[in-house]
Amino acid sequence: MCGCCDSYCCQRFCEWLRDGCILFTIAVVAIVVTGIVLIIVIFGGPLRKIKIAVEDASLTRFDLLTDPTTRLAYNLTLTMSVRNPNWAIGIKHDEPLEAAYSFDGQQFDRVQVADEGDKQGARKTVVYRLVTNSEGRGIALGNAGEAEFKKEKEDGVFEVEVKLTGKFKYQLRKTKCEFEATCPVKMQVSPPGAQAVVFQRVDCELSKSDDQYCKMVY
Ligand SMILES: *[C@@H]1O[C@H](CO)[C@@H](O)[C@H](O)[C@H]1NC(C)=O
């Protein structure tokens, strides 16, 4: 068979061929197994919750006007972050992402945070800066709410609840995820020019359904 070489050479050649063959087979099996595991994880593995936080907030004005109607006048700026911790799956907003602001349970403003169709890649954090100013926006506080406002004004700390709502689609998946996150934000008024108040980051709490953080819709 190995006409041109002595038996030793021939034997080495055959061994080399056999070892190479084994290595090659191991490599192919490893690649195939890794591929299958990846496909299972990406298309059927657990999805991690998005993480939402208020990174910074500034309030340069927060006044209650009562004449002729009850209104809030404010200059409020929030920096919010949305993090997608999934390592392989991006998200795409299926409905605009919105933030609603309330004082003492009464909503007084609503802002659009991200547009429908906006995408956020895997492992990415997107930071949104939301600026809302009003010279007087109607709010139904009632005298209970007005009393709460006076109390918080005396304490020097206003509590504003920010509720972020949205619906997004996990890419490579069929499901859409409808969520609601609430962030209790405590702020001190610091007029322009005054020294900025140090803000403690607030982690928002995701709420919806019992076991999942979002309502899965198909
Ligand atoms: C609030 O915002 C308005 C409109 O942008 C601006 O004219 C005003 O100076 C601001 N007031 C304060 C106290 O930041």
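Guide: Start with the bond between two cysteines: Cys 183 is joined to Cys 204 by a disulfide, with 2.2 Å from S to S. A word on the source: this is a predicted model, where local features need pLDDT of at least 70, side-chain atom pairs count only at pLDDT 80 or more, and totals for chains, interfaces and linings use all residues. Residues are numbered from 1 along each chain as its sequence is written, and side-chain values use heavy atoms, with hydrogens and water left out.

Visitor: Why is the link of Cys 183 and Cys 204 called a disulfide?

Guide: The term needs a pair of cysteine sulfur atoms within 2.5 Å. Here the S to S value is 2.2 Å, so the pair meets the rule. By that rule the count comes to one disulfide.

Visitor: What does the pair of Cys 183 and Cys 204 tie together?

Guide: Cys 183 lies in strand E8 (residues 176-187), and Cys 204 in the loop between E9 and strand E10 (205-207), so the pair ties parts that are 21 residues apart in sequence. Strands here are DSSP runs of E with at least two residues, helices are runs of H or I with at least four, and both are numbered from the N terminus.

Visitor: How do you know that Cys 21 is in no disulfide?

Guide: The nearest cysteine sulfur belongs to Cys 14, and it is 12 Å away.

Visitor: Are Cys 183 and Cys 204 buried or exposed?

Guide: Both are buried. Buried means under 20% relative accessible area, exposed means over 50%, and partly exposed is in between (1.4 Å probe, protein chains only).

Visitor: What makes Cys 14 partly exposed?

Guide: Its relative accessibility is 42%, so Cys 14 counts as partly exposed. Cys 21, at 46%, therefore counts as partly exposed too.

Visitor: How do you know that E1 and E2 pair?

Guide: Pairing requires that DSSP finds at least two bridges between two strands. Strand E1 (residues 51-65) and strand E2 (residues 71-83) have 13 bridges, in the antiparallel sense, so they pair. They form a hairpin with five residues between them. Lys 51 stands opposite Arg 83 in E2.

Visitor: What makes E1 and E9 a pair?

Guide: Two bridges join them, and they run antiparallel. Val 54 has Val 202 as its bridge partner in E9, and Met 80 as its partner in E2.

Visitor: Why are E6 and E9 called edge strands?

Guide: The open sheet has four strands in the order E6-E2-E1-E9, with antiparallel pairing. Strand E6 (125-138) and strand E9 (202-203) each pair on one side only.

Visitor: Which residues touch the most other members of the largest nonpolar core?

Guide: Ile 52, Phe 62, Met 80 and Tyr 101 do, in a core of 45 residues. Such a core is a set of buried Ala, Val, Leu, Ile, Met, Phe, Trp, Tyr and Cys residues joined through side-chain atoms within 4.5 Å. Among the elements that give two or more residues to this core are E1, E2 and E8.

Visitor: Which residues are in contact with Ile 52, leaving aside its neighbours within four places in sequence?

Guide: Among them are Met 80, Val 202 and Cys 204. Contact means heavy atoms within 4.5 Å.
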